[in-house]
Amino acid sequence: MSVFSDVPQAPPVVVFKLTADFKDDGHPQKVNLGVGAYRTDDCQPWVLPVVKKVERLIVEDCGLNHEYLPILGLPEFRSAASKVALGEDSPAIKENRVGAVQALGGTGALRIGADFLRRWYNGTNNRATPVYVSAPTWENHNGVFTDAGFTDIRPYHYWDAAKRGLDLSGLLDDLEKAPEHSIFVLHACAHNPTGTDPTQEQWKKIAEIMKRRKLFVFFDSAYQGFASGSLDKDAWAIRYFASEGFELFIAQSFSKNFGLYNERVGNLTIVAKDSDNLSRTLSQMEKIVRTTWSNPPSQGARIVSKTLNSPELFAEWKGNVKTMADRVLLMRDQLKTKLLALGTPGTWDHITEQIGMFSFTGLNPKQVEYMIKEKHVYLMASGRINMCGLTTKNIDYVAQSIHEAVTTVQ
Amino acid sequence: MALLKSNKVIHCLGNISPCLGVLSTRSSSWWGGVQMGPPDPILGVTEAFKRDTNPKKMNLGVGAYRDDQGKPFVLSCVRKAEALIASKQMEKEYLPIGGLGEFNKACAELALGDNNDVLKSGRSITVQTISGTGSLRVGANFLSRFHAGPRDVYLPKPSWGNHTPIFRDAGMQLKAYRYYDPSTCGFDFKGAFEDISKIPEQSVILLHACAHNPTGVDPRPEQWKEISDIVKKRNLLVFFDMAYQGFASGDINRDAWAVRHFIEQGHNIVLSQSFAKNMGLYGERVGGFTVVCNDAEEAKRVESQIKILIRPIYSNPPINGARIATTILNTPDLRSLWLEEVHGMANRIIKMREQLVAGLKKEGSSHNWQHVIDQIGMFCFTGLKPEQVERLINEFSVYMTKDGRISMAGVTSGNVGYLAHAIHEVTK
């Protein structure tokens, strides 16, 4: 009799299962529009030239060793990463009330933040504080906050399927009605999965209500630079909220904008009222990190830190990021053009209005099934596609497939 | 409603209290109620050491290997593996949630032995983790969620300081079994056996596979056999923590003996492995978590649930260290070089133990210091009392933790004489 005989088989994580199925598919024209990783026009992963350069520097540096990083991570990485988010001239940074925890990817940053909030926010160990995530949102948000111990995770209105855009009135209404001190997970830019971001005016309205209703701001920033091609533009919402005096968390990921997916480079930036509150908060973050992973991995942080802290490398990186963002913008433009040329029913403006890696096509589950089974074009059941999976070589096939799905499947 | 809990007023002074006229900045912050976390005792030792200006100062708190010049040691096999990897210009795509497949295989083989039946049958599952801590935490979370037995995890007394908060944060409860005998500075086998005999069935018992941290005291093989028997009789779930394979005796097979014996005896163990010390990959965070199951089907179910646990913590693990470890383990030349180097590290430690005892004899110490040689691995429980430790720090600038634990890695042929002198002075 095993202690594990009652352990049920867990379902596979959907997005990875999609890639696994794609790999097993032998069809010559298959296309993977599932998992969110950048691809070149040859559909290859892309190691950023600046990353290659910096990695060589690191390997050749005999002065470097593999000693433990501090619990909170590499100091030069943490401060540089926070500066990227909040800006060179951030008043909060100048006022010494910004700190950070180096974490394992954006996921790790979200989790440390969530663990901290459950222990120390809105009372002590208050698991009942409502946590609001957008409808829809990245599917792991739910898991992160649940496993951190929160018992009440709720959706806030976000995607309006009918008009294929932001449901602003629904969102604002949810903000007004949320219990005070509720936690809201906001996507800083390039909303995953819809690609639909609030405008600056809309962000201002959101901020006004959140301040008035004492709601906690937890930004998820996984695509800074990757969305518009400009670091500053993509950080507008974060910086606006910081300038409005909010205390907030920012879970940053460098997986996409540095292409460092498997090195797990993330940063939880904390903006507090003052340095005293900040230092107590960081001391408690240390305790959480110590029982989760003790101290973070050094390789990825070293690469990012060297890059961000060197003016030439930083400029080179920004160029690499723009290359990626521009290719995505080009694919958006071309996909919409081709669908219009085919006369595919419906409006396709959302393809170019949405931003970042993902697009919510509007395809329904049946149409998605058709795409996968009949056309060997892999996308999420929600209709989400990864624009990076499109290339000049497959875009005609994909446009044609979408056309068929929309016209033959209801 | 949760927000109206009465303790909220106590803990969030000022956040909502209407009776405060002028709100201080502390209370107008979300974090006004956050207490300052206690300083880490070991870090405190290092901080004090750094501030000390005595040229003869010694840091014996450090839990990382140092060479005979007192410097961090990057293994040659690691540098060679890194050069190999760099030349291949590999991509940076996400690893699977369970990590690098070839790493997991090599990691399990290292622990269990290449030809192990368990591995051949496919009835175990190994996932890559964030070094030893990450492995213990994933394991603790897994037990918390799926172990139907008691919530209690039995640790040896004493154990690594971080074991307790890891299991506690995962939702388990901590208990202890006797382990270290301060009167002999050795293993309290009788006490351990007695306590283990009383542990309620299906509880979890944590065992240090080799080089017990912090005492350096390991059971002898005959004692391990008896422990295995009584643990089986009590139907306990065995959780092995193996952070020093190869690093303890210098021989990877010898250091894994207890783990392999238990498996041979039919225990379906769970096992945490770390490559921080034996490959010097501390900051790369390389580790593994293994569950030995009844059969391959069960192993698949268990694996699927472990992935569900990992995804909301960090999604998937970092590749760099795992690639280095795999390259070393799977490239014959590098593997041989590694075995030599790990043997070298263990040998240097053993030599320092011998030199320290010789030095104490030379100083004229009348105490029995045999335990310094009998203990194994990075750490040594000297038997020094807190007042003596205090004197060592204040009068001799020799830094260690209050429990009298020293890291032999901080001892070199250049300073072992000074250490012997200092210890003699405070114990004569």
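This briefing walks through two chains, how each one is divided, and how they meet. The model is predicted, so local features need pLDDT of at least 70 and side-chain atom pairs count only at pLDDT 80 or more, while totals for chains, interfaces and linings use all residues. Residues are numbered from 1 along each chain as its sequence is written, chains are lettered from A and ligands numbered from 1 in the order in which they are written, and side-chain values use heavy atoms, with hydrogens and water left out.

**Where chain A meets chain B**

- Let's start with the contact (heavy atoms within 4.5 Å): 87 residues of chain A touch 85 residues of chain B.
- Together the two chains bury about 7300 Å², where buried area is the accessible area (1.4 Å probe) that two parts lose on being put together, summed over both. Carbon and sulfur atoms account for 56% of it.
- On the chain A side, Phe4(A), His66(A) and Asn262(A) lose the most area to chain B, together 12% of what that side buries.
- There are seven salt bridges between chain A and chain B, each being a side-chain nitrogen of Lys or Arg within 4 Å of a carboxyl oxygen of Asp or Glu.
- Glu263(A) and Lys92(B) form a salt bridge through their side chains, at 3.1 Å from N to O.
- Several helices of chain A each bring at least two residues to the side touching chain B, including H1 (14–24), H2 (49–60) and H11 (275–290). Helices (H or I, at least four residues) and strands (E, at least two) are DSSP runs, numbered from the N terminus.
- H11(A) gives the most to that side, with nine residues.
- By class, the chain A side has 37 nonpolar, 29 polar and 21 charged residues. Here Ala, Val, Leu, Ile, Met, Phe, Trp, Tyr, Cys and Pro count as nonpolar, Asp, Glu, Lys and Arg as charged, and the others, Gly among them, as polar.

**Inside chain A**

- Chain A splits into domain 1 (14–47 + 325–405) and domain 2 (68–309), with bounds from an automatic or database domain assignment.
- Their contact draws 20 residues from domain 1 of chain A and 18 from domain 2 of chain A.
- The centres of these two domains, over C-alpha atoms, are 28 Å apart.
- About 1500 Å² is buried between the two domains of chain A, 63% of it on carbon and sulfur atoms.
- Between them there are zero salt bridges, but six residue pairs are in polar contact (both at pLDDT 80 or more).

**A look at Leu231(A)**

- Leu231(A) sits in helix H9 (residues 231–234) of chain A.
- Leu231(A) counts as buried because its relative accessibility is 10%, and buried means under 20% relative accessible area (1.4 Å probe, protein chains only).
- Beyond its neighbours within four places in sequence, Leu231(A) contacts residues including Val84(A), Phe314(A) and Trp317(A).

**Inside chain B**

- Chain B is assigned domain 1 (41–73 + 345–426) and domain 2 (94–330).
- The C-alpha centres of domain 1 and domain 2 of chain B lie 29 Å apart.
- Those domains bury about 1500 Å² between them, with carbon and sulfur atoms giving 68%.
- Ile376(B), Phe379(B) and Phe381(B) supply 37% of the area that domain 1 of chain B buries against domain 2 of chain B, more than any other three residues.
- The count of salt bridges between these domains is zero.

Conventions:
A polar contact is a pair of N or O atoms within 3.5 Å; within protein, one must be able to donate a hydrogen and the other to accept it, and residues adjacent in sequence count only if both atoms are side-chain atoms. Buried means under 20% relative accessible area, exposed over 50%, partly exposed in between (1.4 Å probe, protein chains only).
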